[in-house]
Amino acid sequence: MDNYTSILVRMGEISLKGLNRGFFEKRLKQNIKSKLKPYHSEEHKQKGRLYFDITNECPEEIMDMAFRTTFGVVGYSKCLSCEKDWDAIVETARKVIAQPPFDAGTGTFKVEARRSDKLFPMLSYDIESKLGGIVLSTYPGMRVDVHHPQFRLFCEIRDRAYVYASPQSGPDGLPCTTAGKAMLLLSGGIDSPVACYKMAGRGLKMEAVYFHAYPYTSQEALDKVKKLASILAPYNQGMRLHVVPFTEQQLWIRDHAPEDETTLMFRAAMMKVGNMLAEKEDATAIVTGEALSQVASQTLDSMSFSDSMSDRLVLRPLVGMSKGEIMDLAKKIGTYETSILPYEDCCVVFSPKHPLVHPDKQTASRHFLDLQMDELLQKAVQETVAIDFNVHGTELKDAEA
């Protein structure tokens with residue numbers, strides 16, 4: 001296997017799935033392998049672990065992205081394996097610590113051994129002690145810290161001995177596409193991309209819906225949303241972005257709805273369109289980036305009214321999060337810098353100075369019916385354009401989609 005790189009994958013929540021575990025493990029393998037194409041890879045499974053042997057032709061950044069962005073992966077690391085012979089284990093450990101992060105030769109470390117094969121003659125503590133001595137003799141500038149080490153060296157005794165260094169963190173969660181399909185209402189803001197990430201981590205596959213009111217919202221605003229979709233695509237196992245032309249519809253609401261209700265009516269119309277696209281694309285839920293009481297349209301009364309516009313389940317994964325928590329997660333997943341670009345979405349452009357905060361549901365529903373927007377909303381759906389992004393976040397042309 002000299003022409004291959006071996007990656008050990010640790011699974012978390014999947015391991016607790018009992019009789020359904022095989023289904024989740026199979027989907028996790030499929031999701032990872034889809035990101036490694038066209039490079040050859042083979043995998044095999046041990047309890048709580050997956051091992052991928054990937055041809056060295058695969059670029060390092062592709063290999064890293066495949067595991068870093070795939071839900072179901074708790075951690076991953078390059079790994080070397082050998083026969084369950086102590087001399088072979090020592091030689092393998094020397095090869096591992098000759099590579100990053102140990103090759104710097106300074107810092108603190110800990111050795112952790114797991115002896116799944118109880119017939120192996122050495123206890124875990126003995127393995128840890130002897131391998132720790134090898135690290136110290138190789139790098140005298142390092143020291144042991146069993147509580148808060150900078151680096152970790154792992155040795156697992158299974159069907160073979162597996163040796164690897166400090167794993168990189170994966171996103172954990174459940175493999176995307178295991179929980180069904182939903183439509184994400186994606187704006188250019190901070191919140192909705194984070195909502196996508198949160199729900200993809202619960203196994204939900206999403207298609208995104210963006211409402212574009214050109215020329216009131218610019219081409220740069222659309223490009224910003226396309227960039228967000230491309231960042232989210234690896235986490236979501238690819239992404240289809242539905243761009244809904246919404247200028248005529250928003251101008252109609254602006255001209256015919258009470259001024260303080262315009263934002264409320266915009267949200268209702270968007271929910272209607274999202275529901276229509278969900279029906280068309282066979283999605284069973286709608287996902288939004290709303291957080292309770294963050295803005296006027298996100299009070300309980302406002303959200304209850306907008307929910308009434310959809311016969312699909314409406315999911316709000318950020319509903320109990322603070323803005324600071326949402327921003328921190330946006331920075332972690334790489335959407336924050338794009339989200340704060342100064343290109344406003346259509347809701348912001350048409351927002352009234354004094355929006356209604358606590359609407360009466362029956363009154364608001366009657367006012368929405370009075371707008372008689374069915375044909376306008378059907379027109380928006382018919383004129384919607386779909387843009388596809390693959391599992392690497394690359395926009396696909398028509399022939400590739």
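Start with Met-239: skipping neighbours within four places in sequence, this residue is in contact (heavy atoms within 4.5 Å) with Cys-196, Lys-205, Met-206, Glu-207, Ala-208, Ala-229, Leu-232, Ala-233, Ile-387, Asp-388 and Phe-389. Keep in mind that this is a predicted model, where local features need pLDDT of at least 70, side-chain atom pairs count only at pLDDT 80 or more, and totals for chains, interfaces and linings use all residues. Residues are numbered from 1 along each chain as its sequence is written, and side-chain values use heavy atoms, with hydrogens and water left out.

Met-239 also sits in the largest nonpolar core, a 38-residue set where Met-206, Met-239, Leu-241 and Val-287 have the most contacts. Such a core is made of buried Ala, Val, Leu, Ile, Met, Phe, Trp, Tyr and Cys residues joined through side-chain atoms within 4.5 Å; buried means under 20% relative accessible area with a 1.4 Å probe, protein chains only.

Helices (H or I, at least four residues) and strands (E, at least two) are DSSP runs, numbered from the N terminus. H5 gives the most, 6 residues. A second, separate core has 32 residues, including Phe-246 and Phe-368.

Now the sheet: 6 strands line up as E14-E13-E10-E11-E12-E15, open and with mixed pairing. Strands pair if DSSP finds at least two bridges between them. E14 and E15 are at the edges with a single partner strand each, so one side of each has no neighbour in the sheet. E12 and E15 run antiparallel, joined by 5 bridges, and Arg-240 has Asp-388 in E15 as its bridge partner.

Key: Buried < 20%, exposed > 50% of the residue type's maximum accessible area, 1.4 Å probe, protein only.
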